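Dear colleague,

Here is the structure I said I would pass on. My notes on what was found in it follow below.

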Amino acid sequence: MLPFCFHAGCSRTLGVLLRVQAATRQLPCAGTSHRGAGSEAGGEAGGGHRCYRLTHRQLLRLRGRDTGAFLQGLVTNDVEDVVSRSREALYCHLLNLQGRTMFDVILYRLHASQEEPTMLIECDATLLDDIQKHLKIYKIRRKVDISLCPDLFVWAVLPSEQSIDASSDLEASGKKVLVCTRDPRTDAMGWRLVLSKIDSPLDVIPESRLGDIQDYHRHRYKIGIAEGVKDLPSGEAIPLESNLVYMNGISFTKGCYIGQELTARTHYTGVIRKRLMPIQLDNSLPPGNVPEKAQIITESGKLAGRFRNYEGDVGLALIRLAYANEPLHVLTTGDVRVWLRASMPNWWPKDEKNK
């Protein structure tokens with residue numbers, strides 16, 4: 001049987017993880033200079049940062065002296081990085097006993113001083129009740145209070161095209177901002193902001209403007225970032241196939257956590273035959289035009305993967321790497337064949353892209 005606890009220095013995958021983590025940068029608030037997102041950031045030209053209210057994401061508050069230890073045994077990443085204040089945000093998954101993803105979350109450490117440790121958990125809004133139940137099952141007698149945050153909104157902030165390749169500041173008023181940090185998954189996703197629902201990012205980020213949430217989804221699909229249950233089906237998605245290593249979402253040196261065994265087995269064998277990849281459709285499609293989990297087929301009729309989700313002519317699919325460079329297609333609900341192309345994002349490790 002494979003060991004449940006990882007140790008440092010094993011396998012090429014761990015080396016990739018450490019290099020990616022080393023490249024991850026945090027963005028403090030209030031006038032600290034930081035380079036903008038990568039060359040894939042996209043979006044409209046001109047004028048200031050674009051702010052998107054993430055209506056599909058909601059927050060839970062965890063407060064109490066056992067908060068860190070409680071989460072450490074549940075999530076794929078090392079919560080000590082947040083508890084020790086070395087990081088302000090942490091991306092991770094919560095797994096079931098079979099090692100499949102149940103929830104993709106971002107953990108935030110609150111800036112405000114608290115008598116007891118306090119963290120926010122950003123999760124898919126449609127799974128809010130489910131994640132609450134999941135946390136309460138494992139809470140047992142730990143000193144942790146779990147509550148909803150109906151008074152808070154999560155915002156994503158993406159830079160304008162003009163600032164993509166330039167060093168830029170993200171200045172935010174500390175009086176109104178609860179969380180202001182670079183997105184922990186990749187620099188190409190800009191920043192995350194948590195505000196009271198009565199506040200607007202336009203009031204705290206100079207020269208910013210509101211963006212259409214569809215543009216936000218198109219942006220993350222173009223660069224291959226999964227977010228929420230439609231991209232990561234609960235109880236089905238496998239963490240390493242979902243690029244959790246590349247998105248700084250897993251630690252191979254922390255202690256044990258629920259669902260670790262399958263991840264350990266995949267990690268030690270070093271074999272990942274499928275990956276969640278960005279896809280470009282030949283035609284823009286209206287919502288609901290492709291069936292859930294539709295098969296993706298090669299020209300010769302071989303099964304190349306499964307469709308996950310899309311916005312217009314861009315989306316995500318779980319693709320067999322052996323067929324990733326071939327012409328592929330999917331059938332719509334009306335049995336119309338739509339051709340698509342898979343690609344490897346620029347923010348993936350170079351040794352993966354050069355395979």
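Please keep in mind that the model is predicted.

Overall figures: the chain has 355 residues, of which 54% are buried. Its accessible surface is about 15,600 Å², with 49% belonging to carbon and sulfur atoms. Of the contacts between residues at least 6 apart in sequence, 74% join residues at least 24 apart.

On the sheet: five strands form an open sheet in the order S4-S5-S6-S3-S7, with antiparallel pairing. S4 and S7 (145–148) are at the edges with a single partner strand each, so one side of each has no neighbour in the sheet. From one strand to the next, the twist averages 30 degrees. S4 and S5 are joined by 7 bridges, and Leu-94 has Phe-103 in S5 as its bridge partner. Helix H4 (residues 128–139) packs on this sheet, where it touches S3, S4, S5, S6 and S7, and its direction makes about 20 degrees with that of S3.

On the cores: the largest nonpolar core holds 59 residues, and Tyr-108, Leu-120 and Phe-307 touch the most other members. Among the elements giving two or more residues to this core are S4, S5, helix H6 (213–223) and S15 (303–320). S15 provides the largest share, 8 residues. A second, separate core has 24 residues, including Val-82, Val-105, Leu-135 and Ile-146.

Regards

Key: Residues numbered from 1 in each chain as written. Predicted model: local features only at pLDDT ≥ 70, side-chain atom pairs only at ≥ 80, totals over all residues. Heavy atoms only, no water. Core = buried A, V, L, I, M, F, W, Y, C linked by side-chain atoms within 4.5 Å. Buried < 20%, exposed > 50% of the residue type's maximum accessible area, 1.4 Å probe, protein only. Helix = DSSP H or I, 4+ residues; strand = E, 2+ residues; numbered from the N terminus. Contact = heavy atoms within 4.5 Å. Areas by Shrake-Rupley, 256 points an atom, 1.4 Å probe, with all protein chains shown as cover. Pairing = 2+ DSSP bridges. Axes fitted to C-alpha atoms, helices over the stretch in contact; angles between N-to-C directions.
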